[in-house]
Amino acid sequence: MKFGYFDDANKEYVIQTPKTPYPWINYLGNEQFFGLISNTAGGYSFYRDARLRRLTRYRYNNVPLDNGGRYFYVHDEGDYWTPGWMPVKRDLDFYECRHGLGYTSITGERNGLKVNQLAFVPLGFNAEVYRVKVSNVSDSPKRVSLFSYLEFCLWNAHDDMTNFQRNLSISEVEIEDSVIYHKTEYRERRNHYAYYSVNRRIDGFDTDRDTFLGAFNGLDTPQVASEGKSGNSVASGWSPIASHGIHLELAPGEEQSLIFMLGYVENPQEEKWESLNVINKKPAKAMIEAFATDAQVDSALADLAAYWDGLLGKYSIQSSDDKLSLMVNIWNPYQCMVTFNMSRSASYFESGIGRGMGFRDSNQDLLGFVHQIPDRARERIIDIASTQFDDGGAYHQYQPLTKQGNNEVGSGFNDDPLWLITGTAAYIKETGDYGILDEDVPFDSGRQGSATLFEHLKRSFDHVTNNLGPHGLPLIGRADWNDCLNLNCFSEEPGESFQTTTNLDGKTAESVFIAGLFVFAGPDYAELARRRGLEDEATRAEREIENMRKITIEHGFDGDWFLRAYDYHGEKIGSRENEEGQIFIEPQGFCVMAGIGVEEGLAEKALNSVRDRLETDYGIMLQQPAYSKYYLNLGEISTYPPGYKENAGIFCHNNPWVTIAETVIGRGDRAFETYAKIAPAYLEDISEVHRMEPYVYSQMIAGRDAVREGEAKNSWLTGTAAWNYVAITQAILGIQPDYDGLRIDPCIPQAWDGYKITRSFRGAEYKISIQNPDHVSKGVKSVTVDGSPIESNVLPVFEAGSSHEVVVVLG
């Protein structure tokens with residue numbers, strides 16, 4: 001069943017009931033200030049880093065779900081309610097949530113009063129703006145009170161939830177005019193504060209949570225809202241909040257607008273104070289003044305819409321398949337951008353306190369993002385590379401605020417270095433900016449010297465060849481892409497981390513997946529070396545790649561599919577010789593993407609095995625048969641119940657690898673079939689099963705062995721978004737950025753007649769018409785550009801600002 005619908009014209013998903021199967025969320029902000037907001041106004045906000053600069057509190061995994069957010073309580077003659085339904089949960093006469101690109105609008109109506117709350121982060125602005133419109137839609141005058149509410153976090157979200165002996169004594173606020181300033185710890189080492197403002201005179205306020213709620217009350221029964229009167233409390237220790245109390249009188253048909261702002265300010269050390277213990281409020285007041293009127297808000301919303309139109313206009317499709325157009329033109333690239341901003345750090349499943357930006361993750365996220373804002377992609381590549389070690393290894397994560405490697409997780413995930421080659425190559429193919437390779441980039445944030453980015457790529461490549469096991473395959477280290485395949489852990493200690501513990505550090509556990517990744521990424525390294533005039537280095541690299549290809553076929557193929565790995569004892573994993581876990585998805589996809597076994601017919605065998613043994617109605621499972629017990633030699637993968645997460649769940653991140661692999665061997669119908677099985681827009685009709693948002697990808701869907709097959713988890717922040725964008729836009733639709741131009745090489749269902757693509761590339765616009773009169777899946781018969789035929793299927797690089805008509809006939 002559906003819980004809403006896609007509004008294509010406004011680029012919105014419209015939710016028609018607050019009782020969605022799970023909180024369906026959106027992201028606010030795109031630069032430094034970010035927020036998560038649900039369809040019932042839950043969520044939280046932060047500046048740059050969800051752990052170290054958390055502005056508002058949110059309680060994960062709470063009962064009830066989604067408790068805490070940006071709430072507006074309405075008191076209407078003794079009746080009190082919230083327009084987003086939560087947390088009061090009063091029945092509403094009308095409810096609607098519109099999640100748009102960088103904004104969310106929630107409307108609730110009850111007893112003749114309609115309230116709309118709109119939330120967004122203006123471009124280049126370190127604040128969330130909330131416009132609340134209160135409308136009297138009854139035939140009688142209304143006298144109502146509106147109470148805003150949010151709860152401040154004491155900056156470090158981890159410490160905020162643990163260090164109560166300190167935190168319950170340090171909170172401080174200031175109240176001036178209609179603004180509540182949160183300045184906890186500002187008196188000492190911090191130079192930043194938050195504020196919550198409204199653009200009119202207030203009739204009361206509260207900054208102490210206990211006063212606002214009342215003893216033993218929750219957010220659903222706050223004393224202030226139920227009584228209709230603020231307590232004028234000033235927080236001193238305990239838990240600081242911000243609440244404005246405003247009395248409104250509305251004639252029938254009258255609407256009043258209020259503008260609230262949650263902002264973040266940093267002051268120079270010498271400008272921290274206005275006077276003794278009084279913070280410098282000038283920057284906050286200037287920010288508040290910038291959005292004091294509806295006209296200013298409307299202008300900022302128009303700028304935000306134009307910004308997203310510009311980003312999404314860089315690749316668009318005209319197709320007879322509405323769901324395909326939704327994914328390609330709006331929701332998939334939108335999720336790619338959000339995932340790029342957040343990596344895996346902050347969602348309704350990732351608390352933002354335990355992980356930072358992933359080395360592997362962020363490089364993959366670039367693949368779906370680089371065409372939108374290449375300048376930020378360039379900056380991100382440098383940031384990632386700066387945390388690499390001088391031996392080519394890497395921190396698995398780094399913190400976005402400090403840009404330092406995350407020591408809590410450390411290194412030793414041996415696929416990480418290769419992703420830097422893939423991400424950098426994608427950037428250069430998109431931009432032609434070879435100069436990035438000459439940038440001087442530190443190792444370990446400057447602790448181990450520095451070298452050019454190209455030297456970083458060389459050490460990434462050599463990290464594989466310097467760490468080979470008994471069969472000549474790459475050593476897996478702590479893990480590879482599958483963080484839960486821990487072949488050197490051997491943990492029998494409760495609570496011990498599978499991913500950061502190495503109890504038997506041998507040189508025998510090998511990864512066939514990393515071998516496939518090496519053969520996939522290596523040619524880009526060789527090509528970049530050649531283009532720098534390093535012919536000997538390019539030849540050496542190609543020799544290593546070819547050797548790995550042969551070794552993978554000799555020692556990594558199990559008759560009908562590729563092995564997954566060799567364990568610490570040198571025994572096969574992902575083999576028909578195993579009782580459980582006989583076949584894994586990852587090496588089938590990546591080895592075929594790399595071209596391994598294509599000429600020998602092994603690739604087709606492997607993909608047929610995926611179809612026959614791993615595919616379900618909801619996507620392709622990670623492995624089969626599921627592990628029914630804990631295997632000491634395998635680690636965390638065997639700790640999950642069958643059908644969930646890495647133990648035979650449907651991992652959406654690696655499904656597109658199979659989609660792309662199918663295009664390598666020319667099977668366009670199979671490629672699109674695997675794509676559509678997990679694309680959110682195609683799952684909207686089964687939202688009661690899928691549960692997660694029907695407009696973004698999830699990390700995992702429960703597999704065939706699970707109790708609740710088809711149920712998704714961990715939506716939004718997953719490499720699934722980037723890889724599915726690559727799969728559909730480059731592998732299936734066939735518009736592929738390359739070093740010397742746009743390569744056109746579709747692999748589509750035979751029934752398709754064709755489609756049109758508009759693609760911006762290095763400043764020029766390409767209007768590409770793909771025609772399929774012979775109803776083939778793959779093969780380019782002819783290409784014409786501006787009416788003239790060209791011999792190649794690589795469109796040349798044109799002058800920035802120019803526009804060109806391209807007709808491609810398949811056959």
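UniProt, in an unreviewed entry, places the feature "domain: Glycoside hydrolase family 65 C-terminal" at residues 740–776; its positions follow the numbering used here, feature names are shortened, and annotations may be inferred rather than shown by experiment. Over residues 740–776 the chain is 0% helix and 54% strand, with 27 Å between the end C-alpha atoms. Helices (H or I, at least four residues) and strands (E, at least two) are DSSP runs, numbered from the N terminus.

The model is predicted: local features need pLDDT of at least 70, side-chain atom pairs count only at pLDDT 80 or more, and totals for chains, interfaces and linings use all residues. Residues are numbered from 1 along each chain as its sequence is written, and side-chain values use heavy atoms, leaving out hydrogens and water.

The domain assignment, automatic or from a database, gives domain 1 (18–306) and domain 2 (733–810). Their centres, taken over C-alpha atoms, are separated by 49 Å.

Which residues touch the most other members of the largest nonpolar core? They are Tyr 195, Phe 260 and Ile 768, in a core of 246 residues. Beyond neighbours within four places in sequence, Ile 768 is in contact (heavy atoms within 4.5 Å) with residues including Ile 735, Tyr 755 and Val 808.

Finally, the backbone: a cis peptide bond joins Met 86 and Pro 87.

Conventions
A nonpolar core is a set of buried Ala, Val, Leu, Ile, Met, Phe, Trp, Tyr and Cys residues joined through side-chain atoms within 4.5 Å. Buried means under 20% relative accessible area, exposed over 50%, partly exposed in between (1.4 Å probe, protein chains only).
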